[in-house]
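Good morning, and thank you for coming.

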Amino acid sequence: MSSRPVHHEATASEPEAVTELFAQLGVRFSFDPAGPGFSYRETRDGDEHVSVARLSMGGEFSTWGDTEVFGVVQVRGARYDWSTSDEQGSGLEEPVLFRPGHPALVVARALEATNVYLTAAVLQEVADTVYGLEHTPVAFVSSRPASPALGHYWSGLVGWAAEAAALLEEPLVRTDLTRRLAVGMLECFPLTGDREIRSLSMAAQARRYRIAVAFLDDNAQRPITVEDVARAANTTTTTLLRAFRAHHPLGLTPAQYLRRVRLAGAHEDLVNGDPTSGDTVRAIAIRWGFPHPGRFAGAYRAAYGVTPRWTLER
């Protein structure tokens, strides 16, 4: 998911300029002011997969169009009435999902909004990982949240995202935010298909993940492989990888997680080691599965900020 961050700020008073700003996001909407005082201000952060845009719009206007991306609008203001071919409502009461292939009309006045946009590709990738339902295109049945409680949850998630937007230049923050927003969108708005099957899939993945993490933590010093972990979790390596991608905060693979656990074990041995009794960095590294001294030193320094020799001899 990682790509170059984008920070963008813009103001406009001409509707054509606002149309162009939306088009940059894959949102093909035209704007028609209903009187004087039309204005637009935007601050947008993200990358090619996700955008968090904070908007302020003055005056009364209508806007109409379609979108290539999935976007949820969270609005505060005087008016925000929306309609599609089969639904209508007020965005002042709950967040609104805009979906590709569902042209929408909005009539609004004097508002502030936080809009979250996710590409269809990244939403599909997260849905495949979380639910394990590959080859089932993501499709929502409504622009409204699945329940008032889930609408409230989304509002809280958007508030958190807006606060974190200034930190999105950091890859780890941006990746974590993208995953949170994608899962939130998939869970808060009603998807086509059987929700119970999706819930069972998520529960099964979470259970496999917990078993695998416990097995790795307890057996990291033994000569185990990813296949051993998959067997312990009663699943396949492919399914185990999917479970880790869905549930580990950083999306680590089982192999990456095992490496981290072993590095932590080596660190503990270095802290407790005694060079005068014959403990050496090389011996400890090899004991924890790091046969290459240079690579071990580099990984250790990246994790702990000092060399392994300094830790052992401090």
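Predicted model: local features only at pLDDT ≥ 70, side-chain atom pairs only at ≥ 80, totals over all residues.

Alanine 110 belongs to strand β8, which covers residues 104–118. Its backbone deserves attention: the phi angle of alanine 110 is near 45 degrees, a positive value in a residue that is not glycine. As background, most residues other than glycine have a negative phi.

Where else does a positive phi occur in a residue that is not a glycine? Asparagine 234 is one such place, with a phi of about 55 degrees. Asparagine 234 sits in the loop between α6, residues 226–232, and α7, residues 237–247. Is asparagine 234 buried or exposed? With a relative accessibility of 68%, asparagine 234 counts as exposed, because the limit for that class is over 50%.

I turn now to serine 90, in strand β6, which spans residues 88–90. Serine 90 has a relative accessibility of 15% and so counts as buried, the limit there being under 20%. What surrounds serine 90? Setting aside neighbours within four places in sequence, serine 90 is in contact with Tyr80, Asp81 and Trp82.

Let me now step back to the whole protein. The fold contains 11 helices and eight strands. Of its 314 residues, 46% are buried. Considering contacts between residues at least 6 apart in sequence, 72% join residues at least 24 apart.

As to overall dimensions, the C-alpha atoms fill a box of roughly 85 × 40 × 25 Å along the principal axes. The radius of gyration is 25 Å, whereas a compact globule of 314 residues would have one near 20 Å.

Finally, the surface and the charges. The protein exposes about 15600 Å², and carbon and sulfur atoms supply 53% of that area. There are 31 positive and 37 negative charges, and their mean positions are 8 Å apart.

Thank you for your attention.

Note on methods. Residues numbered from 1 in each chain as written. Heavy atoms only, no water. Helix = DSSP H or I, 4+ residues; strand = E, 2+ residues; numbered from the N terminus. Rg over C-alpha atoms; globule rule 2.2 N^0.38 Å. Buried < 20%, exposed > 50% of the residue type's maximum accessible area, 1.4 Å probe, protein only. Contact = heavy atoms within 4.5 Å. Areas by Shrake-Rupley, 256 points an atom, 1.4 Å probe, with all protein chains shown as cover. Lys, Arg positive; Asp, Glu negative; His and termini not counted. Charge placed at Lys NZ, Arg CZ, Asp CG, Glu CD.
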